[in-house]
Every structure is written in C-alpha cells, then in structure tokens.
Amino acid sequence: MGNTAKFEIDGKTVELPVLRGTDGPAVVDIRKLYAEADVFTYDPGFMSTASCESKITFIDGDAGILLHRGYPIMELAEKSNFLEVCYLLLHGELPSAPEFEVFEKNITYHTMIHEQFDRFFMGFRRDAHPMAIMTGAVGALSAFYHDSTNVNDPAQRMISAHRMIAKMPTIAARAFKYSRGQPFVFPRNELSYAENFLRMCFSVPAEDWVPNPVLTRAMDRIFILHADHEQNASTSTVRLAGSSGANPFACIAAGIASLWGPKHGGANEECLNMLTDIGTVDKIPEFVQGVKDRRYLLMGFGHRVYKNYDPRATVMQKTCHEVLKEVGAENDPILQVAMELEKVALNDPYFVERKLYPNVDFYSGITLRALGFPPEMFTVLFALARTVGWIAQWKEMIEDPSQKIGRPRQIYTGAPARSFVPVDKR
Ligand code: SDX
C-alpha cells in the first residue's frame, strides 16, 4: 500500500496521506479533506473511523488479540497484578520493584475520601441504582480537589490519576454499603488493592472479616481484564469531554454514565438477568429462537471489534470456575445454562454468520455474583477497573500535541431555510 490515497469527487482529486501504526489497519488522514474538497466523511457509530493516535492498547478483533502497551492480556492476567497494570497503562512500561513500591504507596495513601463526601450518599434513595450513585458521586469529586484541576500541569494530571484510581474502590464500596443499609467501612493501608475493596464491601462491625486469597486473586484479575479497551464508547466519551479541558473527575463521571448502557458496561448485569430468566438448560432453544426473531439480544455476546473469541472471556471463564469451586457453587445451574448457551450459540449459523462470540461480560456476572455482589453492582465494578484506562487515555489525549477540542460535523437533512410564520397564520 502506498503512502497516499487519492479521493476524487465532482472532478476534483484530493491526495490524502496514509499513516501506518505499529500494527493494525493503516489510516487515511482526512484532516484536510473538508478544506480541499468541501465534503465531510459520514460514519455514525465510527465503524471505519480512527478518532485518535494511541500507544496504550491494541486490539486485533479478527485474531482475538488484546495488548496493553504490547503485553498480551492473558500474560498480564496470569502473571501481573492490577496496580502493576495501572502503572503500565499510565507510564508505558512495567515498573521496577522500587517504582512499584512508590506507586503502590501513592495509591494506598489516597484511598480515603473527604469526610464531607459521605453526605452525598445520604441524598440518594436506599434503592438507587449504584451506577446512579457512582455517576453523581464521582462527578462531585470535582468540587473537592481544586489543587488538581489545571489539566495542563503534568503534576496535577498525575495526582488526579492517583486520586481516581485510589478512591474509586472506596466510593464503589460505599455505594454498595449504602444500598445494603450497612455502615461504611474505611480502607486499611496494610491491605492490597483488591483485598481492601472486598473488605470495604463485605466487612461488618458484627464480626471480623476474613480475607480469602483465591477470591482476592480473582477480584484482582477481574480488575485487570476490565482495565482498558482502546476507544470503546465510554473511553471515547472521556476523551471527548476532556478535549474541552474539563475537570478530569467530571470526565470520568461522563465515562461512567456512558458505560452504564446495556450495550456497553451494563451488559454484565443484563447478561446475568438473561441467564436467570432462561433458568434451565431445556429453555435454551426457545430463548435462542427469540434472539433469531430479534425479540432481544443475546447479552454478553457480540462485539464491535472482536469477530472472534474475546480473549478476556477466556480468562473470565477460567476465573468463573475457580471462584465457583472456592465458594462451593461449581454446580450453579446458571453456570450450566451459560456453558450450554455458549455451546449452542457457537454452533448456530445465525451467530456464526454474524461472528458473534462471548465477550468479557458473558461470564463476569456469574463470577461476580459468586463473589457476593448483586447484579446492580456489576457495572460499578467494571467502572472501578476501567477508571485507570479512562484516566490513562485522558492523560494521553491531553499530552498529544495534535490534540484539538472534539467537534464532529453532520449531514443536515432538516428543513431548508424558511421565514417565521406568526401563530395566527399557522
Ligand atoms: C463491552 O467497545 C468495547 O470495547 C466495549 C467493551 C469494553 O471493554 O469497553 O468490550 C465492553 O461493551 C462489551 C459488549 C457488551 N455488550 C453486550 O454484550 C450486549 C450485546 N451485544 C450487542 O449489543 C452488540 O454485539 C454490540 C453492541 C456489542 C456490538 O454491536 P455492533 O458492533 O454495532 O454490531 P451490530 O449491532 O451492527 O450487530 C451486527 C449483527 C446485527 O444483525 P443484522 O442486523 O446484521 O442481521 O449482529 C447482530 C445484530 O442484530 N447482533 C446480535 C448481537 N450482537 C449483534 N444479535 C443477537 N445478540 C447479540 N448480542
């Protein structure tokens, strides 16, 4: 392929540069197209559009490959830990032992939240969806950290990143406790990130909380699987919000709002509800027919980029079996339904022709429920883990010298210009 692409329209020819990355499809740089050809490109849903240059995550959807700064997700999930992956996403390299020690201390000593912050939770109904609480609460962080709102100051960007990564588990655990009517639990600095979060969620004053290393490791691995995923809907939301120079906490709140949708991060909750509604293996054929009749989607299946098995789903399925075994629920009927449904779908032409495979959400709900979380908390956990991806992508966008405020155009198909008609003439 050459280094330029010719675009011809109305007898005019525009030569556009072709840019090539480390891997993946080349891009046609159309930045000068409108100025030279007086036309826009049209791509709702961004099916064929690269919105930015990034060095953080690479996905090959056909091969089912996911790399974070070049490292395969399978290796990170098996050999690394979530805070180390946070460092990798933020800084571009795996940390040395001293670098990790400093980073872990930075995060640990930002896990508490301002005492006044807890009043926000009291403003919500007890039965409020925890994602509604997260969207509001995280946005409110903008009102607390005036010392880190200058997005052009690298030190302030980094302290914002540390605060977001550190405080999300504390806020998420509070959203969960509030919905349960149980007292909030403060973070403990001697615990690991995942262990601290599980304790803040499940510790009660009435008895000592006993950590389970298998469940802690599973939680940490689930955070790794959800850490970042290129330019998905919520990350693109954070980038677009951040492109105006908005407060980083407000940008993350925008990302949480976008993630909540059932076609995106809300799919894990919807998927468990779907599996529960199916109930037993014998109901699968009737359910699958309903999908084919387009009455509903097969939640946890399909992906804009993966036209092969989502590598995260493979690790998630393995983690699911580990957790269910540890909690003595390996015969969970919902898991039997999920495994049979996956087998049926992977062999059914309707799904095969559309290249629909399990995505990260297919097994996560069963796993999270076995860890003790209710379905309405599933997307909160996704948001907790994805915060590092959002903030790393936000930071990369701010530091990109070619960055401009995002302002797409449109094709206008509304009414042509016309004069106002007084009401007595209408
Ligand atoms: C996440 O982008 C990311 O990276 C997201 C994510 C991340 O880490 O950030 O990976 C996390 O959001 C994973 C996806 C979770 N969502 C779900 O599981 C919900 C169910 N999936 C679908 O909503 C859908 O697959 C999407 C939204 C994920 C992708 O949709 P696309 O790429 O826009 O594809 P499409 O809707 O155009 O579907 C193509 C065809 C259509 O059939 P036809 O009209 O061509 O006949 O496949 C069908 C769709 O009807 N289809 C499905 C289906 N997904 C697509 N049919 C039944 N069940 C499904 N799940």
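At roughly what angle do the axes of helix 4 and helix 7 cross? In this predicted model, the axes of helix 4 (residues 97–108) and helix 7 (residues 154–180) cross at roughly 65 degrees and come within 8 Å. The meeting residues are F103, N106 and I107 of helix 4 together with H162, I165 and A166 of helix 7; contact here means heavy atoms within 4.5 Å. By class, this contact has 4 nonpolar, 2 polar and no charged residues.

Residues are numbered from 1 along each chain as its sequence is written, and side-chain values use heavy atoms, with hydrogens and water left out. Because the model is predicted, local features need pLDDT of at least 70 and side-chain atom pairs count only at pLDDT 80 or more, whereas totals for chains, interfaces and linings use all residues.

Helices (H or I, at least four residues) are DSSP runs numbered from the N terminus. Axes are lines fitted to C-alpha atoms over the stretch in contact, and angles run from 0 to 180 degrees between N-to-C directions.

**Packing around helix 17**

Helix 12 (residues 267–278) and helix 17 (residues 361–370) have axes that come within 8 Å and cross at roughly 80 degrees. Helix 12 is therefore roughly perpendicular to helix 17, a term for angles of 65 to 115 degrees. On the side of helix 12, the contact involves A267, N268, C271, L272, M274 and L275, and on the side of helix 17, D361, F362, S364, G365, I366 and R369. This contact has 7 nonpolar, 3 polar and 2 charged residues.

Helix 17 also packs against helix 18 (residues 378–398), at an angle of about 110 degrees and with the axes 10 Å apart. Helix 17 is therefore roughly perpendicular to helix 18. Here D361, G365, L368 and R369 of helix 17 meet F378, L381 and F382 of helix 18. The classes in this contact are 4 nonpolar, 1 polar and 2 charged residues.

**The ligand**

The ligand is surrounded by 23 residues, and the closest are H229, R294, H303, R304 and R312; a residue counts as near if one of its heavy atoms lies within 4 Å. This shell divides into 9 nonpolar, 7 polar and 7 charged residues. Polar contacts (pairs of N or O atoms within 3.5 Å) are listed below.

| Residue | Protein atom | Distance to a ligand oxygen |
|---|---|---|
| R294 | side-chain N or O | 2.4 Å |
| H303 | side-chain N or O | 2.6 Å |
| G300 | polar backbone atom | 2.9 Å |

Taken alone, the ligand exposes 1100 Å², and the protein buries 77% of that; the areas come from the Shrake-Rupley method with a 1.4 Å probe.

Key:
A polar contact is a pair of N or O atoms within 3.5 Å; within protein, one must be able to donate a hydrogen and the other to accept it, and residues adjacent in sequence count only if both atoms are side-chain atoms. Ala, Val, Leu, Ile, Met, Phe, Trp, Tyr, Cys and Pro count as nonpolar, Asp, Glu, Lys and Arg as charged, and the others, Gly among them, as polar. Helices (H or I, at least four residues) and strands (E, at least two) are DSSP runs, numbered from the N terminus. Angles under 35 degrees count as roughly parallel, over 145 as roughly antiparallel, 65 to 115 as roughly perpendicular and the rest as oblique.
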